[in-house]
Amino acid sequence: MEDPFDSERASLPRHMIENSMFEEEPDVVDLAKDSTAFPEFPALDPDEVVYEPRSSRLLVRGLGENDLDDEEEDYESSARLLGMSFMNRSSARSPSASPYIRQAPPRSCSRPSARMLVVGVFILVLVTSMAMVLYFLPGCTFTKAGCPKANSSTPMELVYPNSTNGELFPWNELRLPASVRPVNYDLSLTPNLTSMTFTGRTIINMIIQHDTKRIVLHSSELNIIKATFQVGEGKSVEVKVLEYKPWQQIAVSFPEDLKAGQVCVLTLDYAANLSHTYDGLYNSSYNDKTGAKRVLAATQFEPQAARKAFPCFDEPAFKATFLVRITREPEYITLSNMPKAKTTTLPSGLLEDEFEQTSVNMSTYLVAFIVANFTSVTRNVSKTLVSVYSVPEKKEHTHYALDTASRLLQFYNTLFEIDYPLRKLDLVAIPDFLAGAMENWGLITFRETSLLVRNQSSSLDKQLIANVVAHELAHQWFGNLVTMRWWNDLWLNEGFATYWQYTSLMTEFPQLYLDNVFLEERFKAMAKDSLNSSHPVSVSAQVTTPEQVSEMFDSITYEKGASLLLMLSSTLPDGQFRKGLINYLNKYNGSNTVTDDLWNSITQAQVLPQQESVSDMMRTWTLQKGFPLVTVSRKGGEVTLTQEPFLLSADNATYTSSLWHIPVTYVNDSCSSAPSCRQMFTLRNKTATLKVSESVKWLKLNYMNTGFYIVHYGDEGWAALIDALKTDVNTLTPHDRASLIHNIFSLSRLGHVSFRQVLSLLDYTTNETETAPLTEALSQLSSVYRLLDKRQELGLVARMKAYILGHFGPLMDSQDWGEQESVSSQELRSALLEMACSLGRQNCTEQATALYEQWTNSNQTNRIPGDLQRVVFSVAALSDAGWLSLLDTYRHTIDDSEKRKILQALASTQDPRHIVWILSEGLEGGIIHTQELPLVISTVSDRFAGHLFVWDFVKESWDRIIEKFPVGSYPIQSIIKSTTSQFSTQTHLEEVQGFFSRLKERGSQMCSVQEALETIRLNQHWMDRNLATLRQWL
């Protein structure tokens, strides 16, 4: 593997060149006029200075050949190019208008004299002659000393921003220099849970990689009190720390070079407030069974918040070991990545817990520590002590997670042939936690709803817990043991963890039916990836700003990444995929990787000599956004396959000539459901032909939907498949039937099939009984229904309701309301009855009301089946008395799964007073924790009564919302999508566009904003194309 530290700098991100209004503009100092800023540089004569703007932030100029560090020399040519790019960016910007050049005072215009004209012509001829001479001379920088050497080797000096104290900050990139490499951190922290502050000392042992006069690292919202520095065995001396807050960086400069190979120690004492958001070292609280408020401190460092808890080199490639000490009051416990080594009583009466030094090198985002009053259940698994921690009141809800984690740990140890490397594995439920969970090595943190469940809860509730636990345990190998080099390859962490969460559970817990969930997630990833605002799985190195990094945590990185791995594993010969991954884990154990490292490892494991290179195939999937549409046309026994990008929005399309290497799988009417029926053909070119028997009646491509592409069969092909399903619904597997439903709705959105053809396919569903195709049909129809409802097409809304109930009403009415064991049956029942009750089907609402009354009259001892709780609570919340009763239950229940469903029911209210209250309470974070605000907003948006109100709420509360959730983060993405995705008018498009354009650095540049605007336009186009058809055919 290429050493990530070989290059001193990352490339300057494109956004810094293209956006001169990016955040805060650093002050620029004219070094030619103020050489005192760098006393080691000799004063320059102004005649020697050549200004070349590099970007909106940087200037470069020629200096003497020895004036720069080695680490800057490689950037001379790129600095010139960037300068030219900036100058040529807009013809409207005159060089004289540069903010970096002094402007001459304005003067009135006058007619030149004849003498002046003669002088002017003479000067022009002279200048032209000199220019011609210079042209034929070797390029050089002229000074009073002449032309000592060619320009190509003249180093260029970069102008740096000012730090907080007015001095020059010695670095000018968002990415850190690689001249220093941390080896070990010694961290001591003292959180005060009364004052909500903490103090800390960080001792960083480091090695100098390249000669340098500076050490630059990260720090955010930390008050550095004192800093000392020691080289080798020399004396420790106090040093000045400079800070540049816009980039969350601090630096120490030195008059002499630190030499490559030297070992140094930087010690930093600091103080800070505990964070009041959900990242860094933050405070949390909960009420115990007596109603008393309890406080705790926890961490969330991914992606870039370790710097809020301790100064550090906060990039994934800067791996090191960590020794952690935490001082606490006696009534608390502390947890960190490693087992506790010892506890010391301090003279103050406080206790200091010291943890073992990490036995593995870790990225800073994986460090974690907790100070709380938690209890645990434990179990030994092989050489690892597995523990699940919770607040004391919920200890009985931890057992399922312990069983699941123990079993999956053994599974992964065997599967990857590398044992989990730490002696303990803690899973901790945090009352206030924004993400679903976080894979900190040895100390995995979770939302309570993602870890805790009663033993008697439904299998559907347990499916969620198993899903999250499986994902986070997979990270202990993919992400922790082997880590992506930079966030642009985040999918190497999250795509793998998502893939293995489903694959491991389908193997170890088949009764949970995760294959249906995985199929649904693949469909969702396609919905996002069909937009022009999507991005490649492995993006370019322009992921630099915190907002850009945060936006990488999306369904492309997670679900599309997992989908591509499924497609690859389904394509390769038996054993090659696993063998390649074991090679990858062993080769890069403890290191950082890029996507090509993965493909090369799998390619090297290939077993068939004529097999296509995995790298060649998969680079077509990871380096470009989107996915292909494969169109099938047939003449007798000759089948022509054509590929093109499946792009819903043709406006400003950026990849019209893209090609993928597509592993096309297919079955036909002679053999269509068994895995042995599957045949495969690789489509590498725009068009290819395959041969089939002329007796074949129909083809179904993308067997079991394991490929990440959509298929269009043409009118004749669709008609043949529809006839086959009407004749025998089981002629295709349930996943293939769901795939057909998904594909035809997608093609309708694209305009390739009419909605009449969509309805023709759905005719077969009156005989459908399987979960996957029925839930996909209900989901697609629900989307259309909600669009029509929000558009107030009341006649069509009534007809769509009648259509849905006509097709699925008998199946809805046949559902029983008692306990069911099968997860698949629970998923189907839940989808059917939620649709039935939301449409006001009397049989459904009466049954739900009766079940709720039995529950309340029995003091909640007559249990409502877990998969029915949300629909029952939502019906109850329609009445004022029911809503208030549910709110009281929400305040007091300790069943986290039940609590979440009650919250969704409360947010589904049609009462404006309740809508106002629940949105305000979610933002305030009192009874409803602020972490639940995105869920509240999403639920309110689904209903007609709330969708306009919640959009106004988001606009009015935007500044407060981004105080709670970082710009670009997944909660912000969710809020934008849920509040705008059902708009379909020009008025709403202009309103959304206007609102976000005014935000500027507060959110206007987010990809999720572009996605929202694109979705509204697509909704408009779909309505324009299909309203007439809907009126005719419904």
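Helices (H or I, at least four residues) and strands (E, at least two) are DSSP runs, numbered from the N terminus. The model is predicted, so local features need pLDDT of at least 70 and side-chain atom pairs count only at pLDDT 80 or more, while totals for chains, interfaces and linings use all residues. Residues are numbered from 1 along each chain as its sequence is written, and side-chain values use heavy atoms, with hydrogens and water left out.

**Salt bridges**

- The structure holds 49 salt bridges (a side-chain nitrogen of Lys or Arg within 4 Å of a carboxyl oxygen of Asp or Glu).
- One of them joins Arg 447 and Glu 932, at 3.4 Å from N to O.
- Arg 447 sits in strand 23 (residues 443-447) and Glu 932 in the loop between helix 24 (912-924) and helix 25 (933-942), so this pair ties together parts 485 residues apart in sequence.
- Both Arg 447 and Glu 932 are buried (under 20% relative accessible area, with exposed over 50% and partly exposed in between; 1.4 Å probe, protein chains only).
- Within helix 8 (residues 514-529), Glu 521 and Lys 524 lie three residues apart, about one turn of the helix, and form a salt bridge with their closest N and O atoms 3.6 Å apart.
- Glu 521 counts as buried at 16% relative accessibility, whereas Lys 524 is partly exposed at 45%.
- A network of salt bridges links Asp 186, Arg 325, Lys 342 and Glu 354.

**Helix packing**

- Helix 19 (residues 823-838) and helix 20 (residues 842-857) pack at about 105°, with axes 7 Å apart (axes are lines fitted to C-alpha atoms over the stretch in contact, and angles run from 0 to 180 degrees between N-to-C directions).
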